[in-house]
Amino acid sequence: KAALDMQLVHPLIPSDASLKLNAVSTNIFDMWEKHAAVRATQIVFMDMGTPKKDGSFTTYQKLRDLLNEKGIPDRDIAFVHEAKNDAEKETLFEKVRNGDVRVLIGSTEKMGVGTNVQDRLVALHNVDCPWRPSDIEQRIGRIRRQGNKLFDEVTEFRYTTKDSFDLFMWGANQRK
């Protein structure tokens, strides 16, 4: 948790104590701005810090706030967790395919099998590392697939925090 954001460890830690989400937001904004003319989309995987019903701190909301501060309007950002059933999920995915939602944030579990949003995807952001290599493949499978109507080449970002458990996780998955 500390590698993602120190506020996940303790809510009284200052919000600027962690830098990973700042780097993520910068990369998302750069791609969002660069490909604005074609309304390119991006998918962001984060298994920790998922939305909570009790209003407590989440890295999803922090990332959304950082993106808003950089100039990405709220209407361009969605959490897959906001879709409560299959029909709502399909409506959300259609918005991503059309470029109405340009940044989709979710967990490996909620955006795995059945997430067909590749039509305009230009980037995939792995903010944290899942436990199983099959989960990494599932994530990558969202963007490296037939049906992308705009991009022959796409970008995959993998984020790590120096001297953290991140490096161990990516290394362990590689060994598996």
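A helix's expected span is 1.5 Å times one less than its number of residues. Keep that in mind for the first close-up; every view here comes from a predicted model.

**View 1. Helix α2, from end to end.**
Helix α2 runs over residues 59-70 and has twelve residues. From its first C-alpha to its last it reaches 16 Å, close to the 16 Å expected at 1.5 Å a residue. Which residues of α2 are buried? They are Thr59, Tyr60, Lys62, Leu63, Arg64, Leu66 and Leu67. Look around them and you will find their packing partners: the buried residues of α2 pack against α1, β1, β2 and β3. Just after α2 comes glycine 71, which takes a positive phi of about 120°.

**View 2. Helix α3 and its buried side.**
Now turn to α3, which has 13 residues. The distance from its first C-alpha to its last is 18 Å, close to the 18 Å expected at 1.5 Å a residue. The buried residues of α3 are Leu92, Phe93, Val96 and Arg97. They lie on the same side of α3, because they cover an arc of only 145° around the axis. What do these buried residues pack against? Their partners are the strands β1 (41-45), β2 and β3 (103-106).

**View 3. Threonine 41 in strand β1.**
Threonine 41 is found in strand β1. Is threonine 41 buried or exposed? Its relative accessibility is 0%, so threonine 41 counts as buried. Leaving aside neighbours within four places in sequence, threonine 41 is in contact with Val96, Gly99, Val101, Arg102, Val117, Arg120, Leu121, Val122 and Ala123. One of these contacts, Val96, is also among the buried residues of α3. For a sense of scale, the C-alpha atoms of threonine 41 and glutamate 82 are separated by 18 Å, and these residues are 41 residues apart along the chain.

Arginine 39 sits in the loop between α1 (20-34) and β1. Its phi is near 50°, a positive value in a residue other than glycine. With a relative accessible area of 32%, arginine 39 is partly exposed.

**View 4. Threonine 115, a buried loop residue.**
You can find threonine 115 in the loop between β3 and β4 (121-126). Threonine 115 has 1% relative accessibility, so it counts as buried. Not counting residues up to four places away in sequence, threonine 115 touches Ile43, Phe93, Lys110, Arg142 and Arg145. How far apart in space are threonine 115 and arginine 142, C-alpha to C-alpha? They are 6.8 Å apart, while in sequence they are 27 residues apart.

Histidine 81 is part of the loop between β2 (77-79) and α3 (86-98). Why does histidine 81 count as buried? Its relative accessibility is 16%, and buried means under 20%. Beyond its neighbours within four places in sequence, histidine 81 is in contact with Thr50, Pro51, Tyr60, Gly106, Ser107 and Lys110.

**View 5. The largest pocket.**
The largest pocket has a volume of about 300 Å³. How many residues line the largest pocket? There are 17, of which Met48, Asp128, Cys129, Trp131 and Met169 lie nearest its centre. Helix α5 (residues 165-175) supplies the largest share of the lining, three residues. Sorted by class, the lining divides into nine nonpolar, two polar and six charged residues.

With 39% relative accessibility, alanine 2 counts as partly exposed, whereas aspartate 16, at 59%, counts as exposed. Alanine 2 and tyrosine 159 are 157 residues apart along the chain, and their C-alpha atoms are separated by 13 Å. The C-alpha atoms of aspartate 16 and methionine 6, which are ten residues apart along the chain, are separated by 9.1 Å.

Technical notes. Residues are numbered from 1 along each chain as its sequence is written. This is a predicted model: local features need pLDDT of at least 70, side-chain atom pairs count only at pLDDT 80 or more; totals for chains, interfaces and linings use all residues. Side-chain values use heavy atoms; hydrogens and water are left out. Helices (H or I, at least four residues) and strands (E, at least two) are DSSP runs, numbered from the N terminus. Buried means under 20% relative accessible area, exposed over 50%, partly exposed in between (1.4 Å probe, protein chains only). Contact means heavy atoms within 4.5 Å. On a 1 Å grid over the protein atoms alone, a cavity is a set of points where a 1.4 Å probe fits but cannot get out, and a pocket is an open set with protein on both sides within 12 Å along at least five of seven lines; lining residues have an atom within 4 Å of a point. Grid points are joined across faces, edges and corners, and a volume is the space filled by probe spheres set on the points. Ala, Val, Leu, Ile, Met, Phe, Trp, Tyr, Cys and Pro count as nonpolar, Asp, Glu, Lys and Arg as charged, and the others, Gly among them, as polar. The arc is that of the directions from the helix axis to the C-beta atoms.
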